[in-house]
Amino acid sequence: MTVSTPQKLVTIDASEPIEKIYEIIERDGGVIVSNLLSPELLAECMEAIEPHFASRKEWRSTVTHDELGADFFPEGSKRVYALLSKIPDQLTKIMRLQIWQGIMGKFLNDEYYSYTGENHLPQKSGYMLASTAALRLVPGAKPQPLHRDQIAYMVRPDPSNPLFTPMVGCLIAGSKCTFKNGATAVIPGSHLWGPDRHPKKEECTYAEMEPGSALFCLGSTYHAAGENICEPTDPDALRTLFAVFGQRDYYRQDQEEILSTPIEIARKLPQDILKLAGYHKAVGGVGYVEDHQSPVEFLNTEYGLGKFVNSGVKVAP
């Protein structure tokens, strides 16, 4: 049987018109954007994350409760989650990049209308931060099973609206990413597949990237972390990625950044980052606290988030 050569991912420079990037994502379900981070911002990110990696052991996947399958997080990786609390200054700069915001807005914003009684109510949804992590594969790391990120939202592809997805992935190369050290496996075009077609390894291409480049991938595109077959002495033995994912703002947040970010750090974050991180209600009102306030309204109160004076609930010291 003849096996066709997998379609390659397109690499496009961050200086190109963003409309070209949109077109590639619409067609292929993903794209590599080179030079997304400046050398200075990349160096900042790597310097800031290293102390957190130094204190982490290899991932053992003991807290997933198997909701994504027992082998979803194979051994051989180091993972640092909740980057808003770990490297807030650097993450803020990434979230403010025009390309990051442009891609999230293009594929996650939507317009709606509904009636409340006889009133015609137009609504426009937005996007917010879904989850963040620093992901490092060490020599011997096993491959991850191919999957769609939108599995967590139980969203099946809709042939009548093939570009709809609840989330968009962004994996930024902190190090050189090669096939040998575990570059992300991707199946271009798989965002157009129905729910009954299963992915095959031979259909994959690999997101080999230089440091500072990024893979943007629709939540409906099949992909997976690769296998690190490097020797420990290989200068490129460690594969490091920064995951900065976005999602539609009316879905439950993939990772609860609010709960994992100390209030002292949150109080220092700028308003646009607080909005993206989930401290503001969605346009339709999802995500409110108490009497329909946004969580941000509680940041500077004397009792803080989660400690409501009128709730009647005693909070343990």
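Author: Gladly! In this predicted model, the side chain of Thr221 reaches the backbone oxygen of Gly29 at 2.9 Å.

Reader: Why is Thr221 called buried?

Author: Buried means under 20% relative accessible area. Thr221 has 0% relative accessibility, so Thr221 counts as buried. Thr221 is found in the loop between β10 (214-218) and β11 (223-224).

Reader: Now to the rings. Why is Tyr153 with Tyr251 called an edge-to-face pair?

Author: Rings pair if their centres lie within 6.5 Å, and planes over 60 degrees apart count as edge-to-face. For Tyr153 and Tyr251 the values are 5.2 Å centre to centre and 75° between the planes, so the pair is edge-to-face. Tyr153 lies in the loop between β6 (127-137) and β7 (167-173) and Tyr251 in the loop between β12 (239-248) and α6 (257-260), so this pair ties together parts 98 residues apart in sequence.

Reader: Is Tyr153 buried or exposed?

Author: Buried, because its relative accessibility is 14%, and the limit is under 20%.

Reader: How do you know that the charged end of Arg197 sits over the ring of Trp193?

Author: The distance part of the rule asks for CZ of Arg within 6 Å of the ring centre. The charged end of Arg197 is 3.7 Å from the centre of the Trp193 ring. Likewise, Arg136 lies over the face of Phe53, at 4.1 Å from the ring centre.

Conventions
Residues numbered from 1 in each chain as written. Predicted model: local features only at pLDDT ≥ 70, side-chain atom pairs only at ≥ 80, totals over all residues. Heavy atoms only, no water. Helix = DSSP H or I, 4+ residues; strand = E, 2+ residues; numbered from the N terminus. Buried < 20%, exposed > 50% of the residue type's maximum accessible area, 1.4 Å probe, protein only. Polar contact = N/O pair within 3.5 Å; in protein donor to acceptor, adjacent residues only side chain to side chain. Phe/Tyr/Trp six-rings, centres within 6.5 Å; stacked < 30°, edge-to-face > 60°. Lys NZ or Arg CZ within 6 Å of the ring centre and 35° of its normal.
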